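Work through the exercises below with the structure open beside you. Each task is followed by a solution in steps.

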Amino acid sequence: MILAGVLLLLQGASPFTNKQCIRNNDDRRLRELAAEPRAGIGQALLNVALKSPVWAYVLVPQARASIVKTAEENDIPWTKAKTWLKSHKGAPWNDEHRRVEVESEAEYPEYYRRSFHAYEDGNLSYDAAIEQELASRSIGARNFPAYGERGEDVFRDAFDIGLSKLGAQVKSNDDGSAMVVDFGCGTGTSTRRLAKQYPGATRLVGIDLSPYFIDVGTTLLKLAPNAVGIGEDGQEGWITSIDADDRIDLRQGDVARTGLPDDSVSVVNLSLVMHELPVSAAKDVVDEAFRILQPGGQMWISEMDFESPAYAAQRENAMLFSLLRATEPYLDEYADSMEEMREYITELFGELKITAATGRHYALIATKLSREDKGEGVIEDTRFKPDGSYGLDDTHLRPWESKQTDIRK
């Protein structure tokens, strides 16, 4: 009841501050609805509520149950797939020696020890790792209901289309090799997609700080399972079919310190990673990408765009954004630093291109130019139309809408 009262209080605008500003960009006037970080007594009360046992022991389990229900209703076999993977006898999470080893082997930056995605241990648990791909499929179905269990594929395809439009390419080194490095790869969903999209890449290295996520991703590659419902035993398998690929190497490590040689990589990919970093860490990651990329190499970023009307409006909704921010501790910092990061990347790389990927996400390519070619740096921003509206319509299902409501539209 206390939490409900706080949320109702937050519907009023008076405890908060927000702003509207107009900025000129390539002679176009763009209206940005970028709310400032929340402040005041209302926000303070909500922050207390989100740290209370009500959040941890009532709302989080309810939210997780809702995600599972959404998956099952969209023919995503969450329960079967999770049970199949967790019970695999050769898996690291069923090896007590490995569990002890993984809990003590790695050191993590302080920012990474925070709670993420409603998991108390953040990304440092097998529960979070095993459920990552399950949750992604469910959320994809929730956000793109017309496509059901293929919602996530449609979402990721949108980034691929945006990157292709910007000129994405995997350029070979002089010796014919072409390495793609996937920063913050998680369990390897994005790495596996890159392997399928770019058969000419000779090596794909996925790096993630969480050994738990790497264990899950490596296990899935070894098992190379069919999806549930496919193959001789259609009752067992993963939520998607996975092909073994000897070019893929998933490894635990800090993407700010990869240990890879200078000027050795064709592409560095960051798929939905930057919003989970404080600005200082994000700059370290960009610096490392620049160091390891060969001249002419590209950094690809697929991310949330808080300069889009859809996300800007969501950020102005005190209750909704505070709930979202409770699971994403650096979201405010990310949202406030978007322009700063674009300028930082442009100054370092020399060329940056950015376009709308969905109605609330962008695709970005930064190309590593030589000192002679770099000049003052060039930003080509095609996210907005000449009239200042966003380049793509927002087709995401709103938080308050049902699947049936969206389909009728």
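**Exercise 1. A buried strand residue**

Which residues does Phe-183 touch, not counting residues up to four places away in sequence?

Solution. 

Step 1. Note that the model is a predicted one. Locate Phe-183 in strand β3, which covers residues 179-183.

Step 2. List the contacts. Phe-183 touches Ile-207, Val-255, Thr-258, Val-268, Asn-269, Leu-270, Val-273, Val-285, Glu-288, Ala-289 and Ile-292, leaving out residues up to four places away in sequence.

Step 3. Check the accessibility. Phe-183 has 0% relative accessibility and therefore counts as buried, since the cut-off for buried is under 20%.

Step 4. Val-268 is 85 residues from Phe-183 along the chain, and the C-alpha atoms of the two are separated by 6.8 Å.

**Exercise 2. The whole chain**

State how many helices and strands the chain has, and what share of its residues is buried.

Solution. 

Step 1. The chain holds 16 helices and ten strands.

Step 2. Of the 409 residues in the chain, 52% are buried.

Step 3. Consider contacts between residues at least 6 apart in sequence: 75% of them join residues at least 24 apart.

**Exercise 3. Two partners of α9**

Describe how α9 packs against α6, and then how α9 packs against α5.

Solution. 

Step 1. Begin with the geometry of the α6 pair. Helix α6 (residues 126-143) packs on helix α9 (residues 211-223) at an angle of about 50°, and the axes are 8 Å apart.

Step 2. Classify the angle. Angles under 35 degrees count as roughly parallel and those from 65 to 115 as roughly perpendicular, so α6 and α9 are oblique to each other. The crossing of α6 and α9 is right-handed.

Step 3. Name the residues. From α6 come Tyr-126, Ala-128, Ala-129, Ile-130, Gln-132 and Glu-133; these meet Tyr-212, Phe-213, Asp-215, Val-216 and Leu-220 of α9. By class, the contact of α6 with α9 has eight nonpolar residues, one polar and two charged.

Step 4. Turn to the other partner. Helix α5 (residues 96-104) and α9 cross at roughly 140°, and their axes come within 10 Å. Therefore α5 is oblique to α9.

Step 5. Here Arg-98, Val-102 and Glu-103 of α5 meet Pro-211, Tyr-212 and Asp-215 of α9. The contact of α5 with α9 divides into three nonpolar, no polar and three charged residues.

**Exercise 4. The α10 and α14 pair**

What is the crossing angle of the axes of α10 and α14, and which residues make the contact?

Solution. 

Step 1. The axes of helix α10 (residues 279-292) and helix α14 (residues 338-349) cross at roughly 25° and come within 11 Å.

Step 2. Because of this angle, α10 is roughly parallel to α14. The crossing of α10 and α14 is right-handed.

Step 3. On the α10 side the contact is made by Val-279, Ala-282, Lys-283, Val-286, Asp-287, Ala-289 and Phe-290, and on the α14 side by Glu-340, Met-341, Tyr-344, Ile-345, Leu-348 and Phe-349.

Step 4. Sorted by class, the contact of α10 with α14 has ten nonpolar residues, no polar and three charged.

**Exercise 5. A loop threonine**

Is Thr-358 buried or exposed, and what polar contact does its side chain make with another side chain?

Solution. 

Step 1. Thr-358 is in the loop between β8 (350-356) and β9 (361-368).

Step 2. Its relative accessibility is 6%, so Thr-358 counts as buried.

Step 3. The side chain of Thr-358 makes a polar contact with the side chain of His-361 at 2.8 Å. A polar atom of the Thr-358 side chain also lies 3.0 Å from the backbone nitrogen of Arg-360.

Step 4. Leaving aside neighbours within four places in sequence, Thr-358 is in contact with Phe-155, Ala-158, Tyr-390, Leu-392 and His-396.

**Exercise 6. Positive phi values**

Give the phi values of Ala-224 and Leu-272, and place each residue in the chain.

Solution. 

Step 1. Ala-224 has a phi near 40°, which is positive although the residue is not glycine. Ala-224 lies in the loop between α9 and β5 (248-252), and at 29% relative accessibility it counts as partly exposed.

Step 2. Leu-272, also a residue other than glycine, has a positive phi near 55°. Leu-272 is in the loop between β6 (265-271) and α10. With a relative accessible area of 23%, Leu-272 is partly exposed.

Terms used:
Residues numbered from 1 in each chain as written. Predicted model: local features only at pLDDT ≥ 70, side-chain atom pairs only at ≥ 80, totals over all residues. Heavy atoms only, no water. Axes fitted to C-alpha atoms, helices over the stretch in contact; angles between N-to-C directions. Helix = DSSP H or I, 4+ residues; strand = E, 2+ residues; numbered from the N terminus. Parallel < 35°, antiparallel > 145°, perpendicular 65-115°, else oblique. Left-handed = near helix turned anticlockwise from the far one by under 90°. Contact = heavy atoms within 4.5 Å. Nonpolar A, V, L, I, M, F, W, Y, C, P; charged D, E, K, R; others polar. Buried < 20%, exposed > 50% of the residue type's maximum accessible area, 1.4 Å probe, protein only. Polar contact = N/O pair within 3.5 Å; in protein donor to acceptor, adjacent residues only side chain to side chain.
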